[in-house]
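The stops below are meant to be selected in order.

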Number of protein chains: 2
Amino acid sequence: MRTSIATVSLSGSLTEKLTAAARAGFDGVEIFENDLLAAPLSPEEVRARCADLGLTVDLYQPLRDIEAVPAEVFARNLRRARHKFDLMRRLGADTVLVCSSVDPAAVDDDALAAGQLSELAGLAADFGIRVAYEALAWGRHVSTYDHAWRIVEAADHPALGTCLDSFHILSRGCDPEGIEDIPGEKIFFLQLADAPLPAMDVLQWSRHHRCFPGQGGFDVAGLVRHVLRTGYDGPLSLEVFNDVVRQSEAGPTAVDARRSLLMLQEEVGAAGPPAPVVPTGFAFAELLTPDAEPLAALLGALGFARTARHRGKPVDLWQQGEARILVNTGAAVRRDGTRLAAVGLESPDPAGAARRAEALLAPVLPRRRAPGDAPLDAVAAPDGTELFFCGTRPDGWRADFEDVEHAPAAPGVRHIDHLALTQPWHHFDEAALFHRSVLGLRAEDSVDVADPYGLLRSRAVSNADGSVRIALTVGAAPTDDTVHAQHIALATDDVVAAARRFRDAGGRLLPIPANYHDDLAARHDFADGELDTYREVGILYDRDEHGALRHCYTRTIGGVFFELLQRDPGHRGYGARNAPVRLAAQHAARTHAGG
Amino acid sequence: MRTSIATVSLSGSLTEKLTAAARAGFDGVEIFENDLLAAPLSPEEVRARCADLGLTVDLYQPLRDIEAVPAEVFARNLRRARHKFDLMRRLGADTVLVCSSVDPAAVDDDALAAGQLSELAGLAADFGIRVAYEALAWGRHVSTYDHAWRIVEAADHPALGTCLDSFHILSRGCDPEGIEDIPGEKIFFLQLADAPLPAMDVLQWSRHHRCFPGQGGFDVAGLVRHVLRTGYDGPLSLEVFNDVVRQSEAGPTAVDARRSLLMLQEEVGAAGPPAPVVPTGFAFAELLTPDAEPLAALLGALGFARTARHRGKPVDLWQQGEARILVNTGAAVRRDGTRLAAVGLESPDPAGAARRAEALLAPVLPRRRAPGDAPLDAVAAPDGTELFFCGTRPDGWRADFEDVEHAPAAPGVRHIDHLALTQPWHHFDEAALFHRSVLGLRAEDSVDVADPYGLLRSRAVSNADGSVRIALTVGAAPTDDTVHAQHIALATDDVVAAARRFRDAGGRLLPIPANYHDDLAARHDFADGELDTYREVGILYDRDEHGALRHCYTRTIGGVFFELLQRDPGHRGYGARNAPVRLAAQHAARTHAGG
């Protein structure tokens, strides 16, 4: 029998995946859409590469959220599908996987689903393509293989068949015997995976996933309130274990643990630390570097001007709008490269913020000041980043800097939109709890982001008006293969203009694969020429119900890169949808630079 | 409020845990039984250490499977409890956690449970101890906090109260408001933990835990048989992803993937590799070492005799009974130490075994032979261990060795009982599938083993009569803190005699903490003096329904240590229950040696 493997089943770049599949003796591959989008190869080049390796392209996947929707939505879906069929022709793939819809707008109407799938199959047939419809185990209305088959049977189109996936069938405990009722020629594809049983019972949940109060989803404070009302006066005792804690240093874990109990006591109104003092903005971001020249060139191209120099230390202030970057070439610099070492947070009460931080067991840093310097309250975050609480008084930190002559800054960048801080592997939950508790920021839900060499978890914390946003990110495991750089995202009102100015000033943006912009065309409507501009400049795009996000990235210097970002009012995202493309491009750029 | 933390919530040795808890400002600790068993400190020393650190011992935990059992079982349970109460007095702990029973022998009878818990509390009161009864979320008959409280209320003993654990309550979705119906003075303890929600839905299961056919628990072959009966003639395609695959090298993953499909095709009767040739015993284990002296001393003390030397290479054969160890100081030796490099497997058809291995994509090794050497078929396992398929003919591998004069071997060791091979982090499922498919061995279920610095997973593969047993072990993550040594377990009919001979010959056994043997006394009945002997010699003990396992360990040389083992006929285990004690003792020995 012929054997095939989905590119998503292997790690690395698309080229690495294809090579590995061929070397292991597979006959063909399923091309997973995200692998193609992130690849610098055109569809024709992928096709040729597969042919050279002796691989057929057996499937393109997935097309999602197609069927059982209102007519005007289906018209848009067909337009999207046409884009993909055209792509598949270039790729040499003759079968497409359509998974059952998870769209909340989909309706529970098999006849409508069958009619629309039949129409889709008709369009596909014009391209010489077959449609394989598969029930996702978590599909909104269609979640079992026999249900998917009934719809395919009703649609009765020669270019429409079903795709069976052992995971989706067996994970729901369905009896696979009913498969024999399907004619073999209507089974267009068979995907195989196994999985451990039981995936997760309460015992496994307890053994591997307990965490400290405030790090999970339980209302632990609510429970404790009930207990306290009984008159209980024993200790609050933590009984927590998970795979991370079992192998972390005991010292930091114990501190993290006790911080969670201090927060819990505050929540239930039983004493607690001084009230939070929420930061109101970024005063500055401080980079340490052994060599200021590459950073100076990059900041200059971004439109920053070197406006001042510290009176007593080798620290330059670069400014544009309200974005301030300190470049420090002083004693604390490590020879291993440029990194984001400190963040200045504007605070209405720096001393109060520091008192709360100290009460919550944050390490208070010795004040690194020379005689005459303004006092600065600072603590260390779990990842080692120094957090300075800065007042907005004129005699604050800025008074330590002496203005230097400079050309005016370009008008493009307004302020720091957000910072993205990579966390050590073991410290993700700890970091989120730290920023919530010590700084009084709100945490959003975690999202998984696919890096070519692993899965990243990302979680944003922010204040109410979004003037302080920090994205915390961690890899699935400590490996050298994952991008560990931190970044500074700069807000601009016109990212296209800002990016062009940067390029004209000699800056180099991260190249974005053409496949990504082809996919944007399938996903969104754009004004005439808009997408061409994004493609030409290298702009990434995302949209939610509140508006769009447009952004692009500089090359990485040491462990830091910059993002230029244009955020429609109300858009709350960080471009997580585009992160896999960005990460793949960064891997490719690094490999290229190294090779 | 006072704060406390369970020692199981922190990583490391008991001493490290106590120090970390005190430094973070906790007022007290719960002592987790396994942490005490593995500690070299006596209970009095632990008590003194806590006092020095300003920590109270707020709880000892857990006592399991106590209540709602037949009278004779309860009598044994009381005896076990008395041991523990005595221990707690030495430890200075005045509250013990009793979790609701998970014993299949427990009956669903609240009155019986209440009566027996009351009797337990009466015994505890004699020791000045209080009993806190807690409902485990997976308790056999008692799994909710209100049920546990009803039993405590019915028992109505002043030394009996309840323990509340936020995980056990909230993980079951219980409404915590009912807690307010419990009088505060009857809540003896409150344990807090949070957990992520949802723990694991099908989408998460799919995203993080798909694996290759044969690596999980699904009947993928059964499903494929149904599909083939429909006349389906498309490819078998793998769509697998999980956190490990996402960050593994694509090349080995692809090989592992295709091997799983070859096995699947064999299972469904659609072609496949040559039939398995199951090995019938261990011909030898080969150690590479840069310095043969320490190994020679150890093997000599174990009763091995150097019986032969290879005609063309610096390889010695050490033998005792049917246990054969090759010590190789030749070219392949790495300067980083002694390791288990190769395993000779007795095979009824070495060439057939090699053909199957090659068909299943195992790397075939070049035959390392000089002119005149016997041919040896060998493949590499995923962890790099070389597997030699050896015939039992007299002109086989043994003919390459020339006998040397030697004293007779001691009669203690009969054969190699099993080998324990530590797997690289990413290769655990791959290793099990390799040994099952290539060697035709049967795999047992995975077990989790708690190391002081992380959780290990272990899985044994064996042939039908147990003459070939290999335990595959992997850590929860790549860390330098986990014991990575491999070991060779030697079967003996009298482990006490063998251990004493070893000691008398100058060998050093791994010291086992006294707390471990104190606990054995609580768990099992022994003949007069039997336990004293185990304590004196340093023997570990386990028992299942088929008999006992008695074993002890040598010190580690480089990356290898030896086990002496006495297995009652029918006992199928590997001492997994004792592994945490062994691992902690090895960490302690290493720390001691290093300090």
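The tour goes from domains to the chain interface, then to a salt bridge and the annotated sites.

This is a predicted model, in which local features need pLDDT of at least 70 and side-chain atom pairs count only at pLDDT 80 or more, while totals for chains, interfaces and linings use all residues. Residues are numbered from 1 along each chain as its sequence is written, chains are lettered from A and ligands numbered from 1 in the order in which they are written, and side-chain values use heavy atoms, leaving out hydrogens and water.

**Stop 1: the domains of chain A**

Colour chain A by domain: domain 1 is 4-191, domain 2 is 209-267, domain 3 is 281-403 and domain 4 is 413-594. The bounds come from an automatic or database domain assignment.

Now select domain 3 and domain 4 of chain A, whose C-alpha centres lie 23 Å apart. Contact (heavy atoms within 4.5 Å) involves 34 residues of domain 3 of chain A and 37 residues of domain 4 of chain A. These two domains of chain A bury about 2800 Å² between them, with 78% of it on carbon and sulfur atoms; buried area is the accessible area (1.4 Å probe) that two parts lose on being put together, summed over both.

How many salt bridges are there between domain 3 and domain 4 of chain A? The count is 0, a salt bridge being a side-chain nitrogen of Lys or Arg within 4 Å of a carboxyl oxygen of Asp or Glu. There are 6 residue pairs in polar contact between domain 3 and domain 4 of chain A (both at pLDDT 80 or more). A polar contact is a pair of N or O atoms within 3.5 Å; within protein, one must be able to donate a hydrogen and the other to accept it, and residues adjacent in sequence count only if both atoms are side-chain atoms.

On the side of domain 3 of chain A that touches domain 4 of chain A, elements that each supply at least two residues include β9 (281-288), α11 (292-301) and β12 (323-328) of chain A. Helices (H or I, at least four residues) and strands (E, at least two) are DSSP runs, numbered from the N terminus. The largest share of that side, 5 residues, comes from α11(A).

**Stop 2: chain A against chain B**

Show both chains. Their contact takes 111 residues from chain B and 111 residues from chain A. About 9700 Å² is buried between chain B and chain A, 67% of it from carbon and sulfur atoms. In chain B, select B:M1, B:L192 and B:D194, which lose the most area to chain A.

Between chain B and chain A the count is 6 salt bridges. One to display is A:R210 with B:D165, where the closest N and O atoms are 3.4 Å apart.

**Stop 3: a salt bridge within chain A**

Select A:R306 and A:D316, a salt bridge with its closest N and O atoms 3.0 Å apart. A:R306 lies in strand β10 (residues 305-310) and A:D316 in strand β11 (residues 315-320) of chain A, so the pair ties together parts 10 residues apart in sequence.

**Stop 4: annotated positions**

UniProt (unreviewed entry) lists A:H418, A:H487 and A:E563 under "binding site"; such annotations may be inferred rather than shown by experiment. A:H487 is in strand β22 (residues 486-492) of chain A.
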